[in-house]
Amino acid sequence: MEYISIIFQEVYKILFLLVPVLVSVAMIVWLDRRVWAFVQKRQGPNVVGPFGLLQSLADALKYIFKEIIIPASSNKIIFILAPIITMTLALIAWAVIPFSENQVLANINVGVLYIFAVSSLGVYGIIMGGWASNSKYPFLGAIRSAAQMVSYEVSIGIIIINVLLCVGSLNLNDIVIAQKNMWFVIPLFPMFVIFFISALAETNRPPFDLPEAEAELVAGYQTEYSGMMYAMFWLGEYANILLMCALGSILFLGGWLSPIDIYPFNLIPGAFWLIFKILFLFILFALVKAVVPRYRYDQLMRLGWKIFLPLSLTYVVLTASYLFYFNLLPTI
Amino acid sequence: MIAHTIFFYIFSIIAVISAIMVTVSKNTVHSVFFLILDFISISCLFIMIGAEFLGMIMLIVYVGAVAVLFLFVVMMLNVAQQKNQWFNSEENSGHIPVGLIISTIIFFELIIVIGGWKYKPDLINSNNLSTTNEISNTHSLGQVLYTDYIHVFQISGMILLIAMIGAIVLTFRQREGVKKQSYLKQISRERSEGVEVLEVASNKGVKIDD
């Protein structure tokens, strides 16, 4: 009996987190298309519902009612597993995101590592989808994306080390509390910029959307997918983008802390500030998509390995020596 | 406690079965996927005994990076064809005794290690491991690794670095006739040097030099 009540409580909490995340993923797709359209002086989706807000819902309905086509020569089990894995991984990472000091599903000691591990697993959904399709373009897209995601994970990992040096803990709540006096975006501004660009590459967003470059690879690893399975890839991708925005706002923009620590702003709940910061970062993502042309593949690899990796490593040394010299190293 | 035991058995059964499937399955790509499943269930076991840092690092390093490279290699090279060649032809079976010797050595090493741990418990010196719950797993690991074992740690880092450089040197070859791209030149191209307006006389044409 005791176990059953525990399970019910946990399921209730998980649903309370997952449903808003899924709804906001749908909304964010609309926002993305809308911002993209406004930059290019178009209207964007504005027909379904007020301001076109229900466009994503209409799209989802359409995907659900479409037929799922599985290619005859594909590896069926892996073909079906791939979108499921992408979506699951994009959603389970939200378990450790703190929305305020107490509003967190699992306040684990190694929160940052958990998010990093889950996002590094995300590449499997893409590789499995590309390989199982048994078709040239998806396979090329999958291989590209594997190389790209592994490369940019390295620089993201080193940027996270920079933040951890200043905090002295892997817990996400501790990281937020450590920014009470000053957000890390100020002392670590170059790292914030590199993190932002690496996050674009990690989530396969333009200008680094080479895995699905329409002009060269049709649609990359998604080419053979249809109906609900395609929609799952798509939801997973956007959930991942939101997750990267959340990680960025926790590591650099003070998470659920209010920007000014004075009376009226203190009363606003932390969840609001976190969502506000996530939206801010997401609008930046959307603007980049509208403004910048796609990178060439060799330029992408050069940027990751020859520019970001040395830069972030140098910054680790700088941060560590600064903290050591001025005796600012965090105590346990 | 019951839940703990149930989870332990679930993860360990998955780990053992997927380890067997790595060697048994005919498709090499499936083998790699089973290897990944094995890694994941082992890291779950690590987390269950309270070594959350090790579990997460296992996920990041092995599943997130090493297994991706395995998968990459297995998918890119046509391993299945090569394997069939090996098993069908007589002349290439020389690698089987070598593999047998290596696996026997590994087996005996495992027996020695596990036997020593079982029958001589003071083999592992656990005096300098802090077991208090106040200090987190990551901190205590760091305290041991960067004080008592700093030399071993640095030497293993050196060995990895040398192995990496060695791999690069072994596979690096200078290819002839490859056109190099200068990024600086490409970025700093301007309109004035790229475009030229010419007066073209009728029926003469323009000579363009590449």
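A salt bridge is a side-chain nitrogen of Lys or Arg within 4 Å of a carboxyl oxygen of Asp or Glu. This is a predicted model, in which local features need pLDDT of at least 70, side-chain atom pairs count only at pLDDT 80 or more, and totals for chains, interfaces and linings use all residues. Residues are numbered from 1 along each chain as its sequence is written, chains are lettered from A and ligands numbered from 1 in the order in which they are written, and side-chain values use heavy atoms, with hydrogens and water left out.

Q: How many salt bridges does the rule find across the interface of chain A and chain B?
A: Across that interface the rule finds zero salt bridges. Six residue pairs, both at pLDDT 80 or more, are in polar contact there (a pair of N or O atoms within 3.5 Å, where within protein one must be able to donate a hydrogen and the other to accept it, and residues adjacent in sequence count only if both atoms are side-chain atoms).

Q: What makes up the side of chain A that touches chain B?
A: By class, that side has 20 nonpolar, five polar and four charged residues, where Ala, Val, Leu, Ile, Met, Phe, Trp, Tyr, Cys and Pro count as nonpolar, Asp, Glu, Lys and Arg as charged, and the others, Gly among them, as polar.

Q: Why is α4(A) called roughly antiparallel to α5(A)?
A: The axes of helix α4 (residues 111-132) and helix α5 (residues 136-167) of chain A come within 8 Å and cross at roughly 175 degrees; angles run from 0 to 180 degrees between N-to-C directions, with axes being lines fitted to C-alpha atoms, for helices over the stretch in contact. Angles over 145 degrees count as roughly antiparallel (under 35 as roughly parallel, 65 to 115 as roughly perpendicular, the rest as oblique), and α4(A) is therefore roughly antiparallel to α5(A). The helices themselves are DSSP runs (H or I, at least four residues), numbered from the N terminus.

Q: How do you know that α2(B) and α3(B) are roughly antiparallel to each other?
A: Helix α2 (residues 28-48) and helix α3 (residues 52-76) of chain B pack at an angle of about 175 degrees, with their axes 8 Å apart, and α2(B) and α3(B) are therefore roughly antiparallel.

Q: What makes N134(A) worth a remark on phi?
A: N134(A), in the loop between α4 and α5 of chain A, has a positive phi of about 55 degrees although it is not a glycine. Most residues other than glycine have a negative phi.

Definitions and conventions:
Helices (H or I, at least four residues) and strands (E, at least two) are DSSP runs, numbered from the N terminus.
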